[in-house]
Amino acid sequence: MSRVFIVGSSELPQRVSVGRDEVLDWVFVVLPGVSASIPLVIDIDGPGAEVRLAGLYLCGSDEQVVFDIEVRHNVGDSHSSQFFNGIAGGHSRAAFHGRILVRPDAQRIKAFQENHNLLLSETARVETTPQLEIYADDVECSHGATTGFLNLDEQFYMRSRGIPEAEAKVLQMISFLSPVLARIADPAEQERLRAEVEAAVRAL
Amino acid sequence: MSLLTIKNLHASVEGKEILRGIDLRVGRGEVHAIMGPNGAGKSTLGAVLTGRPGYEVTEGTVSFDGRDLLAMTPEERSWAGLFLSFQYPVEIPGVSITNFMKAAVNARRKAQGLEEMKAGDFLKLMKQKMAFVQMKGEFAKREVNVGFSGGEKKRNEIFQMAMLDPTLSILDETDSGLDVDALKIVAAGVNALRTPEKSVLIITHYQKLLEYIVPDVVHVLKEGRIVRTGGKELAEQIWREGFEGIV
């Protein structure tokens with residue numbers, strides 16, 4: 001089941017159970033001006049299930065966005081991934097709490113989580129807390145989290161080719177969010193959201 | 001009038017003076033080489049001319065095509081016709097060569113008061129310049145410098161140079177890390193862009209590249225100053241005797 005949730009206008013699920021051989025493919029989009037708390041618990045209750053979560057958040061002024069995600073591998077032979085990238089500017093606050101739980105008898109699990117953040121100002125704050133709780137042996141699991149500023153070497157390289165500083169920053173931000181947008185399964189919807197995100201980045 | 005006139009240029013990085021009074025004139029259509037040992041200030045000169053942040057000019061003037069170069073932003077210098085082939089080209093994940101060059105070409109057109117280039121014309125130009133440095137079609141879709149070999153990175157620099165058609169190209173250690181085949185492709189590319197109006201400044205540690213791109217004038221930079229200037233035979237002398245032997 002592929003779905004895109006526009007936080008602030010779509011109704012958000014808070015708890016879902018994923019059964020045998022089911023595929024859940026969800027992308028969350030938080031555009032500037034939206035503050036939200038996004039709690040989500042996913043129970044993987046059937047073997048062969050696959051959960052793919054992705055999201056982007058774009059905070060430019062004083063937004064507060066909190067993702068609180070828990071993926072529970074209650075049975076073996078299931079896969080999950082979380083891939084969230086966010087940009088925080090102004091005085092905004094963004095937090096990503098992602099938990100992966102693997103129950104004792106849930107063997108042959110693959111679970112991945114990544115959260116990358118860009119800070120646009122000294123006053124924006126980002127909090128990222130990955131948590132892994134693994135009680136089985138046969139598990140392939142990884143997580144990674146980064147927070148940083150726009151790369152100045154990239155900017156100078158672009159400017160030396162005549163790309164103005166503001167446009168260089170826009171290109172950097174779009175390229176940072178692009179891998180999340182690439183997760184949107186429907187090409188028309190992906191195209192529409194790419195345009196919307198680009199417009200939002202330009203207006204930051 | 002010279003294309004580039006540098007007078008008594010002093011520059012510092014993190015409070016340390018690296019350039020200590022450079023005087024240099026590059027005429028239109030001329031190829032100059034700047035040679036010198038490690039730490040002489042060669043790359044700093046390229047960085048200062050293109051306006052890299054972190055490099056502070058403390059004294060002196062630079063005029064380019066009759067304009068005050070040091071008062072311009074890096075992007076304005078590019079629009080004015082200056083180009084630097086980076087010693088270490090930067091990787092930009094997520095940005096394709098096509099989108100990168102489209103942004104660069106159209107930014108300059110906008111600065112010149114022109115409309116954006118038509119998509120068909122742009123692709124035609126890309127194709128033509130890619131062939132020029134022997135890059136295959138898939139190159140256009142690749143992310144800028146990501147996963148490129150050393151030779152591919154330098155060919156990408158010369159490709160960008162061909163796309164932007166600069167009046168003055170500065171080649172910063174373009175020969176470093178290149179095998180002979182890649183060196184020949186790069187040199188042939190640079191030579192094909194030479195016209196009576198366009199000038200080249202080659203920054204290099206070795207004389208190897210100068211066998212393929214023959215300079216009109218060779219300067220030796222040492223401890224932030226130009227200590228010798230001569231013809232192309234000076235490069236050969238350096239090759240035989242080393243920098244210590246001639247200065």
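Predicted model: local features only at pLDDT ≥ 70, side-chain atom pairs only at ≥ 80, totals over all residues.

Student: What makes chain B as compact as a globular protein of its length?

Tutor: Start with the parts: chain B has 7 helices and 12 strands. Its radius of gyration is 18 Å, and the globule rule gives 18 Å for 247 residues, so chain B counts as being as compact as a globular protein of that length. As for extent, its C-alpha trace spans about 55 × 40 × 35 Å along the principal axes.

Student: How many of the residues in chain B are buried?

Tutor: Buried residues are 43% of the 247. To be called buried, a residue needs 20 or more other C-beta atoms within 10 Å of its own. And of the chain B contacts with a separation of 6 or more, 70% are between residues 24 or more positions apart.

Student: How do you know that the length of H3(B) agrees with a helix?

Tutor: Do the check at 1.5 Å a residue: the 15 residues of H3 (residues 97-111) of chain B should span 21 Å, and the end C-alpha atoms are 21 Å apart, so the two agree. Just after that helix, B:Gly113 has a positive phi of about 80°.

Student: Which residues of H3(B) are buried, and what do they pack against?

Tutor: Among the buried ones are B:Ile97, B:Phe100, B:Met101 and B:Arg108. The buried residues of H3(B) pack against several elements of chain B, including helix H4 (119-132) and helix H5 (150-164), and also against H2 of chain A.

Student: What makes up the contact between the two chains?

Tutor: Chain A puts in 17 residues and chain B 20 residues. On the chain A side, helix H1 (152-160) and helix H2 (165-181) each supply at least two residues. H1(A) gives the most, with 7 residues. By class, the side of chain A that touches chain B has 7 nonpolar, 4 polar and 6 charged residues.

Student: Why are S1 and S11 of chain A called edge strands?

Tutor: The open sheet has 6 strands in the order S1-S3-S5-S7-S9-S11 (chain A), with parallel pairing. Strand S1 (2-6) and strand S11 (139-149) each pair on one side only, and those are the edge strands. From one strand to the next, the twist averages 5°.

Student: How do you know that S5(A) and S7(A) pair?

Tutor: Pairing takes at least two bridges. Strand S5 (residues 50-59) and strand S7 (residues 79-88) of chain A are joined by 10 bridges and run parallel, so by that cut-off they pair. For one example, A:Cys59 has A:Ala88 in S7(A) as its bridge partner.

Student: What makes S2, S4 and S6 of chain A pass that test?

Tutor: Strand S2 (residues 15-18) and strand S4 (residues 36-44) run parallel with 4 bridges, and A:Arg15 has A:Val41 of S4(A) as its bridge partner. S4(A) and strand S6 (residues 64-73) have 9 bridges, also in the parallel sense. There, A:Pro39 stands opposite A:Asp68 in S6(A).

Student: Which strands does each of the helices H2(A) and H3(A) lie across?

Tutor: H2(A) lies across S3, S5, S7 and S9 of chain A, at about 160° to S7(A). H3(A) (residues 187-203) lies across S1, S3 and S5 of chain A, at about 30° to S5(A).

Key. Residues numbered from 1 in each chain as written. Chains lettered and ligands numbered in written order. Rg over C-alpha atoms; globule rule 2.2 N^0.38 Å. Buried ≥ 20, exposed ≤ 12 C-beta atoms within 10 Å, placed from the backbone. Contact = placed C-beta atoms within 7 Å. Nonpolar A, V, L, I, M, F, W, Y, C, P; charged D, E, K, R; others polar. Axes fitted to C-alpha atoms, helices over the stretch in contact; angles between N-to-C directions. Expected span 1.5 Å × (residues − 1).
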